[in-house]
Amino acid sequence: MFSVQVTQEARGAVFALRGELDFDSMVQLHEAGEEELARGRGAGTVVGDCTRLTFCDSSGIGALLRLFHQLAAQGRVLRLAALPPSVARLFSVTGLDQVFSVYADADQALAAGTSGHDRVTADTDRAASPTERQNT
């Protein structure tokens with residue numbers, strides 16, 4: 001079973017992901033993302049709090065990437081927080097740890113909201129590499 005609980009904070013929205021993010025459950029993430037996207041540009045950072053995420057397959061990754069790119073089109077960022085070890089390993093193996101900014105917890109991800117470390121380059125439609133992030 002999977003659920004997304006969305007809370008709005010002054011610095012952005014937090015999507016608390018709980019359970020297994022897979023083909024059968026990704027529609028819930030899409031729906032939450034569509035609602036957030038409807039809020040429009042400049043509505044802040046979105047943090048995917050993975051504290052209670054127990055599983056993520058390729059469909060779940062696809063859903064996260066879709067949300068990442070949709071937010072980027074609005075000039076916004078998606079950050080992930082508290083990745084469980086199994087999901088962190090999957091991100092490392094696939095190179096997604098070079099795409100997503102990952103933080104220890106949602107508070108740290110929100111606090112980084114105005115640092116300018118997250119940006120998507122317009123010419124490549126990808127996130128800045130960690131080196132680029134450190135030099136901005």
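1. Gly 48 stands opposite Leu 80 in strand 4. Strand 4 covers residues 78-81. Strands here are DSSP runs (E, at least two residues) and helices likewise (H or I, at least four), numbered from the N terminus. This is a predicted model, in which local features need pLDDT of at least 70, side-chain atom pairs count only at pLDDT 80 or more, and totals for chains, interfaces and linings use all residues. Residues are numbered from 1 along each chain as its sequence is written, and side-chain values use heavy atoms, with hydrogens and water left out.

2. Look at the neighbours of strand 4. Strand 3 (residues 45-56) pairs with strand 4 in the parallel sense, over four bridges. Strand 5 (residues 101-103) also runs parallel to strand 4, and three bridges join them. Here Ala 81 has Tyr 103 as its bridge partner. Two strands pair if DSSP finds at least two bridges between them.

3. Is strand 4 buried or exposed on its two faces? Both faces are covered. Leu 78 and Leu 80 are buried on one side, Arg 79 and Ala 81 on the other. Buried means under 20% relative accessible area, exposed over 50%, and partly exposed in between (1.4 Å probe, protein chains only).

4. Now follow the chain through the helices. Strand 3, helix 2 (residues 58-73) and strand 4 make a right-handed β-α-β unit. Strand 4, helix 3 (residues 85-94) and strand 5 make a right-handed β-α-β unit too. Right-handed means that, with the strands pointing away from the viewer, the path from the first strand over the helix to the second runs clockwise.

5. How many aromatic pairs does the structure hold? There are two. Rings of Phe, Tyr and Trp (its six-membered ring) pair if their centres lie within 6.5 Å; planes under 30 degrees apart count as stacked, over 60 as edge-to-face and the rest as tilted. Phe 68 and Phe 100 have ring centres 5.2 Å apart and planes at 70 degrees, so this pair is edge-to-face. It links distant parts of the chain: Phe 68 lies in helix 2, Phe 100 in the loop between helix 3 and strand 5, 32 residues apart.

6. Phe 91 and Phe 100 form a tilted pair, 5.6 Å centre to centre with 45 degrees between the planes. Phe 68 counts as buried at 6% relative accessibility. Phe 100 is buried at 1%, and Phe 91 is buried at 1%.
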